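Visitor: Could we go through this model together? I would like to begin with the backbone and then turn to other topics.
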Amino acid sequence: MNDAQLVQQVLNGNNHAFRFLVSKYQRLVTHVVGRIIQQEDELEDICQEVFIKVFKTLKRFRGDSKLSTWISTIAYNTAITHYRKLKRRGELSYSEEPNLILAEKDPGLNQKSIEKEEAKKYLMQLIESLPVNYRTVITLFHLEEFSYKEIEEITGMPEGTIKSYLSRARKLLKGKIEKVARLEQTNIFVDYV
Amino acid sequence: MYNEDRNFDTDKLLKEAFTSEPEFKLSENFTDALVKQVERRFAWKQYLREFAIYLAVILGIMLVAAVLAFVWYDVTVSGWMAFFTKNASLVVGINLLLVFVLFADRVLLRYFMYKASTE
């Protein structure tokens, strides 16, 4: 079943089609919302809100873009609205700016034989500590494999800004990894030689 | 120990981290709960639509009856107006009651029965 057929089935009130749509795009919505919100307790409610919005506005979907792009746009807008609300209320427990000092001082990194999995986990933590726009473009570009044009459509950011965020995020993380490896004299990244 | 001479491939490491699944998880019954919620919304909208159709039909019948009364019987606009102004509260009260009964029968009761059957 292609996207157009799926949309038509959902609009006809076919619950199985809607269930299929949710299963198909649940991963995508969870990633987009999760990377922006970063709060497990809010995640489910916001994902639910996204799919309800999708259901309510599906008749407006013209098929000009891919369904995944259209759903991602709704997910991004919903998540960013909640993010700003949380930020205004001061309920965000992390900094907007990358703050890797604590992670760098993690005593766990001194161990000689830290597994490859742990190195990846540590890097994932670094990604989560990036500013929200960096995290979002990384998720959309690398994880969900959207093109620059599609990310522009989803987030409303110009293509140049997206490229710049990706490049800056990469540079920032690269610098941090190398710094941590030298500062802590650890071999956690040797698997990547 | 860390070896200064061994340069690890940060690009490879970053690529792997960027394409790794984040640890965000939804509950296992997420889809079921969501579909149930959407089904309810769909049912509510359907019942409301039916209520609107019923209401429109009833108003249409009343309008036709009023036109027939003007045509076939000796009814005047001033006579209607006098009746309405004299019995305003009664007319408004009965109409509101009828609309509410229709709404309760066509929407509320059906929705709550549907909701109870799906829980």
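Visitor: Where is A:Q38 placed in chain A?
Guide: This is a predicted model. In it, A:Q38 sits in the loop that joins helix 2 (15-37) to helix 3 (40-57) of chain A.

Visitor: What is the phi of A:Q38?
Guide: A:Q38 has a positive phi of about 60°, although the residue is not a glycine. As background, most residues other than glycine have a negative phi.

Visitor: And what about the phi of A:E145?
Guide: The value for A:E145 is near 55°, again positive in a residue other than glycine. A:E145 belongs to the loop between helix 7 (132-143) and helix 8 of chain A.

Visitor: Is A:E145 buried or exposed?
Guide: A:E145 counts as exposed because its relative accessibility is 64%, and the cut-off for that class is over 50%.

Visitor: Let us move to helix 8. Which helix residues does it span, and where is A:T155 found?
Guide: Helix 8 of chain A covers residues 148-155, and A:T155 is found in this helix.

Visitor: Buried or exposed, for A:T155?
Guide: A:T155 counts as buried, because its relative accessibility is 12% and buried means under 20%.

Visitor: Which backbone atoms lie at 2.7 Å and 3.2 Å from a polar atom of the A:T155 side chain?
Guide: The backbone oxygen of A:I151 is 2.7 Å from a polar atom of that side chain. For the backbone nitrogen of A:M157, the distance to a polar atom of the A:T155 side chain is 3.2 Å.

Visitor: Which residues does A:T155 contact, leaving aside neighbours within four places in sequence?
Guide: With those neighbours set aside, A:T155 is in contact with A:Y76, A:T136 and A:L140.

Visitor: Now the interface. How much area do chain A and chain B bury between them?
Guide: The two chains bury about 4400 Å² between them, with 65% of it on carbon and sulfur atoms. Chain A contributes 49 residues to the contact and chain B contributes 37 residues.

Visitor: How many salt bridges are there between chain A and chain B?
Guide: The count is two. One of them joins the side chains of A:R19 and B:D32, at 2.5 Å from N to O.

Visitor: Which helix of chain A gives the most to the side that touches chain B?
Guide: Helix 2 of chain A gives the most, with eleven residues. By type, the residues on the side of chain A that touches chain B are 19 nonpolar, 13 polar and 17 charged.

Key: Residues numbered from 1 in each chain as written. Chains lettered and ligands numbered in written order. Predicted model: local features only at pLDDT ≥ 70, side-chain atom pairs only at ≥ 80, totals over all residues. Heavy atoms only, no water. Helix = DSSP H or I, 4+ residues; strand = E, 2+ residues; numbered from the N terminus. Buried < 20%, exposed > 50% of the residue type's maximum accessible area, 1.4 Å probe, protein only. Polar contact = N/O pair within 3.5 Å; in protein donor to acceptor, adjacent residues only side chain to side chain. Contact = heavy atoms within 4.5 Å. Buried area = accessible area lost by both parts, 1.4 Å probe. Salt bridge = Lys/Arg side-chain N within 4 Å of Asp/Glu carboxyl O. Nonpolar A, V, L, I, M, F, W, Y, C, P; charged D, E, K, R; others polar.
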